[in-house]
Amino acid sequence: MLKYFNIFIIYTLSTLTTFATDKIIIAHRGASGYLPEHTIAAKAMAYAMGVDYIEQDVVMSKDNHLIVLHDHYLDRVTDVQTKFPDRIREDGRYYVIDFTLSEIKSLNVTERYYFDEKGTKNAVFKDRFPLFQSYFKIHTLEEEIELIQGLNKSTGGDVGIYTEAKNPSFHLSEGKDLSKAILETFKRYGYEDQRSKAFYQTFEIDELKRVYNKILPILNIDVKLIQLMGKSDYYKKVTTIEGLKDLSLYAYGIGPSLNMIIPNNSKDSILGLSSLVEDAHSVGMKVHPYTFRQESPLALTYATNYENLLDIYFNHVGVDGVFTDFPDLTVKFLMR
Ligand code: G3P
Ligand code: CA
């Protein structure tokens with residue numbers, strides 16, 4: 001009971017303090033630190049914790065439904081191996097595009113797992129929700145938007161959507177225009193311009209350009225675009241000052257991995273700081289790095305605990321928002 005009361009207090013206070021900060025909190029795959037990622041329960045919990053945006057990773061089914069799931073595979077968060085053993089491909093994976101929506105909805109969802117050398121499923125995050133406990137299902141992008149818009153109506157809130165097209169070039173090679181379908185859905189649900197509480201994000205550089213140059217004009221909409229990026233040669237050019245300048249002509253901002261801003265093994269957050277955030281800001285773009293987890297400091301030499309990590313990024317680096325698995329801790333931090 002006390003737990004629910006705390007969530008209520010956090011929600012109420014965070015709503016009241018929305019005006020005090022322009023930093024945004026994005027629930028990464030929902031409140032995924034507490035419930036299996038991308039489930040409706042995780043999204044509702046994130047909403048109640050007072051976030052600004054809830055993230056959806058989206059892939060497409062065989063019958064062209066938009067599925068909220070991080071991978072274009074089903075075999076790291078479901079029981080697909082026991083329900084559809086003969087649908088495995090030669091590479092050992094179960095592809096979402098090989099399954100219809102009704103088949104996908106017949107699966108049970110669990111915490112993310114990996115297989116050990118004996119072939120046993122093990123939780124990726126040992127201290128999170130137990131594997132294959134309770135009842136969770138996969139849902140569509142439409143169903144999630146209806147949940148968020150429904151909660152906006154019933155609570156008077158204004159939580160937005162932050163939607164990633166997962167591997168759009170893979171989908172295109174399979175004859176499926178994932179980005180177009182996502183943006184058509186945005187339009188159908190009223191997310192049509194830069195003021196809308198909606199972001200479209202992707203890791204693919206050419207796809208973001210295609211969205212800006214082709215898809216948005218065809219649909220006659222103009223939503224905020226985010227270029228996701230990781231530490232690899234693929235992003236070398238786009239992260240130079242010239243590259244960022246070009247990007248800023250069509251992107252609202254960037255979503256870099258934490259180690260693009262401060263290397264994981266940096267002894268000191270100031271000494272290790274790259275110029276990426278300053279450079280992006282200098283050309284007018286916002287910066288929303290990923291992923292802030294309570295467990296993160298264990299792998300970082302420069303942060304002592306989660307609060308310290310938030311303090312470094314919000315108060316010293318000056319990021320404009322964060323993707324977090326722990327929305328409640330992040331809301332609490334910003335309230336202070
Ligand atoms: O989209 C931002 C962040 O979620 C990127 O990482 O792999 O969790 O989608 P990933
Ligand atoms: Ca994502």
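This is a predicted model: local features need pLDDT of at least 70, side-chain atom pairs count only at pLDDT 80 or more; totals for chains, interfaces and linings use all residues.
Q: Which protein residues are the donors of the calcium ion (ligand 2), and how far from it do they lie?
A: In this model the protein donors are E55 and D57, through OE and OD atoms respectively, together with E164 through OE, and they lie 2.1 to 2.3 Å from the calcium ion. Along the chain these donors follow the spacing E-x1-D-x106-E, and both E55 and D57 are buried.

Q: Why is the arrangement of the six donor atoms around the calcium ion (ligand 2) irregular?
A: Ideal angles at a metal are 90 or 180 degrees for six octahedral donors. Here the six donor atoms around the calcium ion subtend angles of 63 to 152°, and therefore the arrangement is irregular.

Q: Which residues of helix α7 are buried?
A: Helix α7 covers residues 178-188, and its buried residues are L178, S179, A181, I182, L183, T185 and F186. At the start of α7, the backbone nitrogen of K180 has a side-chain oxygen of D177 within 3.1 Å, while just after the helix G190 takes a positive phi of about 90°.

Q: How many cavities of 30 Å³ or more does a search of the whole structure find, and what lines them?
A: The search finds two. The largest holds about 50 Å³ of space, and its lining has four nonpolar, two polar and four charged residues, including E37, H38, D71 and R112.

How values were computed
Residues are numbered from 1 along each chain as its sequence is written. Chains are lettered from A and ligands numbered from 1 in the order in which they are written. Side-chain values use heavy atoms; hydrogens and water are left out. Buried means under 20% relative accessible area, exposed over 50%, partly exposed in between (1.4 Å probe, protein chains only). Helices (H or I, at least four residues) and strands (E, at least two) are DSSP runs, numbered from the N terminus. A polar contact is a pair of N or O atoms within 3.5 Å; within protein, one must be able to donate a hydrogen and the other to accept it, and residues adjacent in sequence count only if both atoms are side-chain atoms. Donors are N, O and S atoms within 2.8 Å of the metal (3.2 Å for Na, K and Ca); water is not among the atoms, so sites may look incomplete. Four donors count as tetrahedral if all angles lie between 85 and 135 degrees; four count as square planar and six as octahedral if opposite donors are over 155 degrees apart and all others between 65 and 115; anything else is irregular. On a 1 Å grid over the protein atoms alone, a cavity is a set of points where a 1.4 Å probe fits but cannot get out, and a pocket is an open set with protein on both sides within 12 Å along at least five of seven lines; lining residues have an atom within 4 Å of a point. Grid points are joined across faces, edges and corners, and a volume is the space filled by probe spheres set on the points. Ala, Val, Leu, Ile, Met, Phe, Trp, Tyr, Cys and Pro count as nonpolar, Asp, Glu, Lys and Arg as charged, and the others, Gly among them, as polar.
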